[in-house]
Amino acid sequence: MQFTSLPFAAFLCGAAAVFFLLPPAARRLFLAAASLFVYCYPSPWQGAFLLLSVALTYGGARLLDRTEGPRTRRLLLAAGAVLNLAFLLFFKYYNFAAQNLAALCGLLGLAAPLPALALVAPVGISFYTFQSLGYLVDVYRRQTQPERNIVTYTLFVAFFPQVQAGPISRSTSLLPQLRSPAPAFDGKRVERSLLLAGWGLFKKLVIADRLAIFVGNVFDGHAGGTGAVAVAAVVLFAFQMYCDFSGYTAMALGIAGLFGYRLDPNFQLPYFSGTIPEFWRRWHMTLGSWFRDYLFYPILRNRRLNRLAKAARKTLPKTLANNIPVVVGLVVVWFCTGFWHGTGWNYIVWGLYHGLLIILSTLAGPWLKKRGQALGLPLEGRAFALFRVVRTFALVCVGYVFFRSASLGAALGLFARLWGGAGPAALWDGTLLQYGLDGADFAVALAGLAVLFAVEFAQRKRDLLAWVPAQRRLVRWAVYLVGILVLLVFGMYGEGYVEKPFLYFQF
């Protein structure tokens, strides 16, 4: 069920009213049932895999808690991880494996060993699989107690604001809230939560869905697009992606807050980052921290890799030898990050591209800083800080060519279209208007982006979500009515408009 749809709005109003009218003891059960209803609404069959993941990790955690032997506990964790990942791997990656095996066998003159299947991955399977697996690892590490109440654990995995596209909650963050008595109604909290959800709706309907029309026509080749037009599409896709995904996250946090629960933030002004590592500390923060804690750190602690690094000091430069576990960990993490996002070589290349940039930053960053200081460059000045932000954004946009393209070949084709063809004049001579958006739409999108950056930049120094509800009633309602009017007038919906799912639903 789409957050931007009228059926969801009707459901949310009804669910919130019933939730607070019920006695506190019944609210958790009601919210779990409501979450399953939302998840199963478009396709009941996919709920079976969600419940199977719940059952496997719930039972596996209880079994881990009762087991003492280290070897047995490791085997139980491995079995639980394999079973939990099996459905994700099958639904998302079976056809990718079958197609690549068929291509390889074709080169060798052999028959394809695996037939292609008409598979549709359950919505959110990547998100709830990682959340369930993280819980299992936390219980194995004894960082959290296994949940004994099956209703509470089902709600932890299936909580409807986050199950379809995150954030990926930790057992140490969300579970204690769900175990506590159900929150009482708080008018100010509800006001702040609705304001946050409305802000997410603005980013999605006013900016992201509008930019998606132009970006789609250029990237997908329906209307070509070369030179400055292609560059504009890449840059605008960066803003479409941010507004779409951060809009979903804002709505998820706001909806969860409506019921009194707090989800982890996913974004912190990522496009103001000065380096690629900083960008990834600010973008999709819950996925990044998941890979860091459950994959990267275990690789860093691997005894064989550390012994290899120690032995390599005899033949390799000390800095390079010491960073062997780091480099291996980053390659594995970024391969998995790319593969997690999609089943295509373009996603894998996108992931490894960012991994390479982070490796170069890790190995060469300190040396470059020393060189810059030795040359007397103004490394602490505002001009250099601005240069770093622009450089990082440009590098991110290069990666987006792989991410947004339908295939690796399409990405390389778009790179070719970036050079030559339409010159800079295409940005103002009307050429851009040939790709699905008229001048008014571009004006609304650019004005929306200006409002977006003004609000989020101001948010660094003042919590606007707390500031607006604290104002006098006249000021508050003026802000709310203007926001509603903007959504009604400039939002993308109505006759002839095809509702666009949130981008991360496909992952």
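Predicted model: local features only at pLDDT ≥ 70, side-chain atom pairs only at ≥ 80, totals over all residues.
Is Arg-142 buried, partly exposed or exposed? Select Arg-142 to start the tour.

**Stop 1**

You will find Arg-142 in the loop between helix 5 (125-140) and helix 6. Check its backbone. Phi of Arg-142 is near 60°, which is positive although the residue is not glycine. Most residues other than glycine have a negative phi.

Now select His-284. Phi of His-284 is near 45°, again a positive value in a residue other than glycine. His-284 sits in the loop between helix 10 (276-282) and helix 11 (285-300). Is His-284 buried or exposed? His-284 is buried, because its relative accessible area is 2%, and the cut-off for buried is under 20%.

**Stop 2: A cis peptide bond**

Select Gly-166 and Pro-167. The peptide bond that joins Gly-166 and Pro-167 is cis, with omega about 5°. Most peptide bonds are trans. Pro-167 belongs to the loop between helix 6 and helix 7 (175-179).

Which residues touch Thr-249, once its neighbours within four places in sequence are left aside? Pro-167, Asn-266 and Phe-267 are in contact with Thr-249. Thr-249 is part of helix 9. Thr-249 counts as buried because its relative accessibility is 4%.

**Stop 3: The largest nonpolar core**

How many residues does the largest nonpolar core have? The largest nonpolar core has 133 residues. Select the ones with the most contacts inside it: Phe-160, Phe-214, Phe-259, Tyr-271, Trp-283, Tyr-400 and Tyr-504. Then select helix 9 (residues 228-258). Helix 9 gives the most to this core, with 20 residues.

Zoom in on Trp-283. Leave aside its neighbours within four places in sequence. Trp-283 is then in contact with Met-241, Tyr-242, Asn-266, Phe-267, Pro-270, Tyr-271, Tyr-400 and Tyr-504.

There is also a second, separate core of 6 residues. Ile-299, Leu-305, Ala-309 and Ile-324 are among them.

**Stop 4: Helix 12 against helix 14**

Two packed helices are described by the angle between their axes and the distance between the axes. Select helix 12 (residues 303-312) and helix 14 (residues 324-341). Their axes are 8 Å apart, and the helices pack at an angle of about 135°. Helix 12 and helix 14 are therefore oblique to each other.

Show the side chains where they meet. Helix 12 brings Leu-305, Asn-306, Leu-308, Ala-309 and Ala-312 to the contact, and helix 14 brings Ile-324, Pro-325 and Val-328. By class, this contact of helix 12 with helix 14 holds 7 nonpolar residues, 1 polar residue and no charged residues.

**Stop 5: Helix 2 against helix 6**

Select helix 2 (residues 24-40) and helix 6 (residues 150-158). Their axes cross at roughly 40° and come within 9 Å. That makes helix 2 oblique to helix 6. The crossing of helix 2 past helix 6 is left-handed.

Which residues meet here in helix 2 and helix 6? From helix 2 come Arg-28, Leu-29, Leu-31, Ala-32, Ser-35 and Leu-36. From helix 6 come Val-151, Thr-152, Thr-154, Leu-155 and Ala-158. This contact of helix 2 with helix 6 has 7 nonpolar, 3 polar and 1 charged.

Val-54 lies in helix 3 (residues 45-66). Val-54 counts as buried because its relative accessibility is 3%. Leaving aside neighbours within four places in sequence, Val-54 is in contact with Ile-150, Tyr-153, Thr-154 and Val-157.

**Stop 6: Two C-alpha distances**

Select Phe-442 in helix 18 (residues 439-458). Phe-442 counts as buried because its relative accessibility is 12%. Phe-442 and Ile-207 are 235 residues apart along the chain, and their C-alpha atoms are separated by 9.6 Å. Beyond its neighbours within four places in sequence, Phe-442 is in contact with Phe-214, Leu-236, Leu-432, Leu-433 and Leu-437.

Finish at Leu-110, in the loop between helix 4 (70-107) and helix 5. Leu-110 counts as exposed because its relative accessibility is 54%. Leu-110 and Ala-445 are 335 residues apart in sequence and 52 Å apart in space, C-alpha to C-alpha.

Technical notes. Residues numbered from 1 in each chain as written. Heavy atoms only, no water. Core = buried A, V, L, I, M, F, W, Y, C linked by side-chain atoms within 4.5 Å. Buried < 20%, exposed > 50% of the residue type's maximum accessible area, 1.4 Å probe, protein only. Helix = DSSP H or I, 4+ residues; strand = E, 2+ residues; numbered from the N terminus. Contact = heavy atoms within 4.5 Å. Axes fitted to C-alpha atoms, helices over the stretch in contact; angles between N-to-C directions. Parallel < 35°, antiparallel > 145°, perpendicular 65-115°, else oblique. Left-handed = near helix turned anticlockwise from the far one by under 90°. Nonpolar A, V, L, I, M, F, W, Y, C, P; charged D, E, K, R; others polar.
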